[in-house]
Each structure stands twice: as C-alpha cells, then as structure tokens.
Amino acid sequence: MTNIASRDRRVAPRAVAVIGAGYVGLPTAATLAHFGHRVVLAERDPGRLEALRAGRMPIVEAGLAELVADGVVAGNLRFEGSAVDAARGAEFVFLCVATPQGDDGSADLSYVEQAAKEIGPQLARGAVVVNKSTVPVGSATLVEQVIGRPDISVVSNPEFLREGSAVSDSLHPDRIIVGADDPKAAADVGALFSGTGAPLIVTDATTSETIKYASNAFLATKLSFVNALAGLCEEVGADVRDVLLGLGYDKRIGFEFLQPGPGWGGSCLPKDTRALLHIAQKAGYDFSLLAGAIASNEQQLARVVAKVETACGGSVQGVTVSVWGLTFKANTDDRRDSPALEVARRLVTLGATVRAFDPTVAAVEGDAVPADLAGLDICSDPYEAATGAAAVAVLTEWDEFRWLDLARLARLMATPRIVDARNLLDPAAVRRIGFEYDAIGRQ
Ligand code: UGA
C-alpha cells in the first residue's frame, strides 16, 4: 500500500463517463468536470435527464446546481440517456448505479452487473472501469468477469460523500482510495483527483472495498455508542452534551459524529453496516460488536417512540402528535431508511393522528401521496403541524426549528409538550415558556 500526499494540483484532462446521475454520480461527474476532465454523465430516466439538461437538479444538494452549470458552460460536462453512448470513447467509466439491499442483508449487484454487461463490448481499448457504487468485497473481480476483456482493468474507488454536503466533500475529500490488481490503472484513477490535493491511498481491490464498508460501519458504531451513552446519562442524571464535550476534546475521539439522535439512518449506514455483518457471517467471523451496534440502533428508535408515549400520558392511542422533520437528516430531501419517518410511522401504528412537517415535503392529495407518507397528515409549516397536538416530536435537525416563536407554539398546542430527539432546543428557554420538555441524554 502506498500513501502519497499529492501536491501537484495540475490535472491532465481525461475523457470520463459517469453512469448514473444519483446522489453519488452527479456530484462525482460535476467534480471531475470542475477539475478539467471532459465528462459525459449517463442518466437513463428520461425525466431526470430532461431536468438535468434544463439545469434543474433531481436532488437537493447545496451548491450542486452551480457546480453542474459551471461544468456545462466550460464545455466539460454533458448528459446522455444511454450508458453505452456515454462510455464509448471514454478512458475511464465510473459506475455510480444503485446497490440496494437484498433480502438477506447483502448488496444487490444487479444494476452494477447490468451496466457492466451493457458497456463492456463498447469500451475503448485499454479503458478503465471504476466501481464507485458501494459493492461487496470481490466485486471488482466480478465486474472484470462480466466485462470479460483482458484489456480492461477494474478499479475500486469508494466514495465518502455525505448527503447535504456532497459538493464540498467531493471538492475537498479527506482521502482518495483506489484499489486494483493493476497498480497502473489504480494510480491513473487516483491522478484524476489530484486537483483535490487529498491524500491518495493505492491498494488492492479487496482492501479498498473493505475500507468503504468499514468506514460506514465504524461511524454507525460510534453513533450507537453515543446514543447508548445518552440513555445511560438519563439514568444517572448526567448531561450527555457535557459528557461528549469532555470526550471530544480528546483528539483521539474528536468532536465529529457525536450528536445523539433518534438513531442513525439513510441509504448508506444501515445498508452498509448490515452488508459488512453479512460479509463477516459468510466468512465465518463472529463480528458480535457490529451486531450489537445494529441492535442498539433499533433500541434507540424504540426509546424515542416511548418518550413520545410518556409525554402523551403513557399512550398515543387516539392522540394527535406533531412530528417535525421526516428526512433522515437535515439539508437533504432523502427519506430512505429515515429514523424520523420510522418514528412517525410507529406512532401511527400505535393509534396516533400524526401531523407532520418537513421543509422538503409538500402536502399532496390522493394518488399523488408518496407511499412512505401514507397515513401522515402533511402540513405546510411547523405551527400548522403543532396545532391541536398533545406533543411535538423534533426528529430531524433542520435549523429553522431552532428559531420558532415558542409562545405562539404553546398557544396552538392542546398541551405544550416537546420531545426533542435531536437536542436542538434550549431546555431553559423552552421550560420558561411553560413547555414540558424531554430530550436525549439530558434533564
Ligand atoms: C454516510 C457517510 O457519512 C459518508 O461518509 C458516506 O459516503 C455515505 O454514508 C455513503 O456511503 O454514501 P450519509 O448517508 O449522507 O453519509 O449520512 P451521515 O451524515 O453519515 O448520517 C447518517 C445518519 O447518522 C443520519 O441519520 C444522521 O442523522 C445520523 N447522525 C449523524 C447522528 O445521529 N449524529 C451525528 O452526529 C451524525
């Protein structure tokens, strides 16, 4: 393994194709165009493609529209409807298609395989295929087999973008990981990102694929520890915010990723953590620590639901509850595997009428209601959502929830009670207005 801190920021322009304009492909394509490469982004969904061509972003991501527009204006970024057309003539083809979770916890590689099968015969001689999708250990070999051409190398280059800050994470990554059995191909892929100035780690494909899962599983385990610690703080009367401040100043622990919440979710942490556990089980390795982190996350969701029940006098049956936030975290419109949405749904199942507000969710009627929102009354602002409610549950850390008129809120509610599952509000300020207030890991 080589660890090279790249200093040379001059980048030789290369011809790149990116397959899939989702949360990973779109920022990746725009970033590569920003660094001067000639990028063709393939998106097979006609609606998405048309939106992209018109300058409309299919996802909520700060700074993305601007970065994409810059690439288009500079002549470095264009869009295609077919992966084959995009890949033809490219020196590097990035696979950024979805790898959803299969029934047994393993990653479903059918989109990756399909894309590899389609583009394989059309690739230019000596082209390099890059696995950017999160894939199980051994997938680089699998893609090599699907393509079946000795002149084509497959490189693993996992992404570490966070939704909501994907543009900044792409332009200023902590590290670039490239792994391949062909070290020249790996180094060439690393060189595409030399403009970022990030440390480059060149390794084999298996190690690179493991780094991706291990990173997300470690972050998930860190959060499970934080949430469990918050539960302990409630039992012993400690304040988790001060406890974490005390921990964070230890440089080996750090302050990042220490916010307690309703549990970790999204399209990556849960899927990748379960996938790593699946890999361990298949390898006959007892990774009980990871199984514990997953079980602990489930307990956290149940704890938050129980807090809302307690706030409502022990049961939510027949009670109106207000929920603030439905996305899996703030600054994204993504509700996949969202702890907030899961808490809201469980409250509905327990017999509550749930009035919900999220800045990215609009109220719609009839067939237009997305399946995951069925049973929720979607409101157009937090006050409307709280009207007549016995309690408000703050589930996503949208900044606007910090700056509301609490006196107005109290007047609108049936009973002024808040369960703050993101520790967003100031307990003293809220109680001064007359609210009953419960948070995570603090009195
Ligand atoms: C995660 C990783 O952070 C990225 O590095 C990775 O590239 C990405 O998955 C991926 O594999 O594509 P993301 O899914 O955008 O990024 O979300 P995170 O910011 O990691 O948050 C995950 C969950 O943890 C959210 O539910 C969030 O609310 C929760 N969280 C996060 C907390 O409860 N507390 C924190 O301090 C941080």
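My entries below go from confidence to helix pairs and then to a sheet.

**Entry 1: ground rules.** I am reading a predicted model, where local features need pLDDT of at least 70, side-chain atom pairs count only at pLDDT 80 or more, and totals for chains, interfaces and linings use all residues. Residues are numbered from 1 along each chain as its sequence is written, and side-chain values use heavy atoms, with hydrogens and water left out.

**Entry 2: confidence.** I looked up pLDDT, the predictor's confidence in each residue, from 0 to 100. The mean for the protein chain is 94, and 98% of its residues reach 70 or more. Residues 1–8 stay under 50. For that stretch the model has 15 contacts beyond four places in sequence, a contact being heavy atoms within 4.5 Å. I reminded myself that where pLDDT is low, the predicted coordinates should not be read in detail.

**Entry 3: H9 and H10.** Helices (H or I, at least four residues) and strands (E, at least two) are DSSP runs, numbered from the N terminus. I found helix H9 (residues 205–236) packed with helix H10 (residues 240–248) at an angle of about 130°, their axes 9 Å apart. Axes are lines fitted to C-alpha atoms, for helices over the stretch in contact, and angles run from 0 to 180 degrees between N-to-C directions. That angle makes H9 oblique to H10; under 35 degrees counts as roughly parallel, over 145 as roughly antiparallel, 65 to 115 as roughly perpendicular and the rest as oblique. Val226, Leu229, Ala230 and Cys233 of H9 touch Val240, Val243, Leu244 and Leu247 of H10. By class I noted eight nonpolar, no polar and no charged residues (Ala, Val, Leu, Ile, Met, Phe, Trp, Tyr, Cys and Pro count as nonpolar, Asp, Glu, Lys and Arg as charged, and the others, Gly among them, as polar).

**Entry 4: H12 and H13.** Next I checked helix H12 (residues 288–311) and helix H13 (residues 339–349), whose axes come within 10 Å and cross at roughly 50°. The two are therefore oblique to each other. Their contact includes Glu298 and Leu301 of H12 and Glu342 and Arg346 of H13. Its residues divide into eight nonpolar, no polar and three charged.

**Entry 5: the sheet.** In what order do the six strands of the open sheet come? I read S12-S11-S10-S13-S14-S15, with parallel pairing; two strands pair if DSSP finds at least two bridges between them. Strand S12 (377–378) and strand S15 (436–438) stand at the edges with a single partner strand each, so one side of each is left without a neighbour in the sheet. Three bridges join strand S13 (residues 391–394) to strand S14 (residues 417–420), and Ala393 stands opposite Val419 in S14. H12 turned up again here: H12 lies across strand S10 (320–324), S13, S14 and S15, and runs at about 170° to S14.
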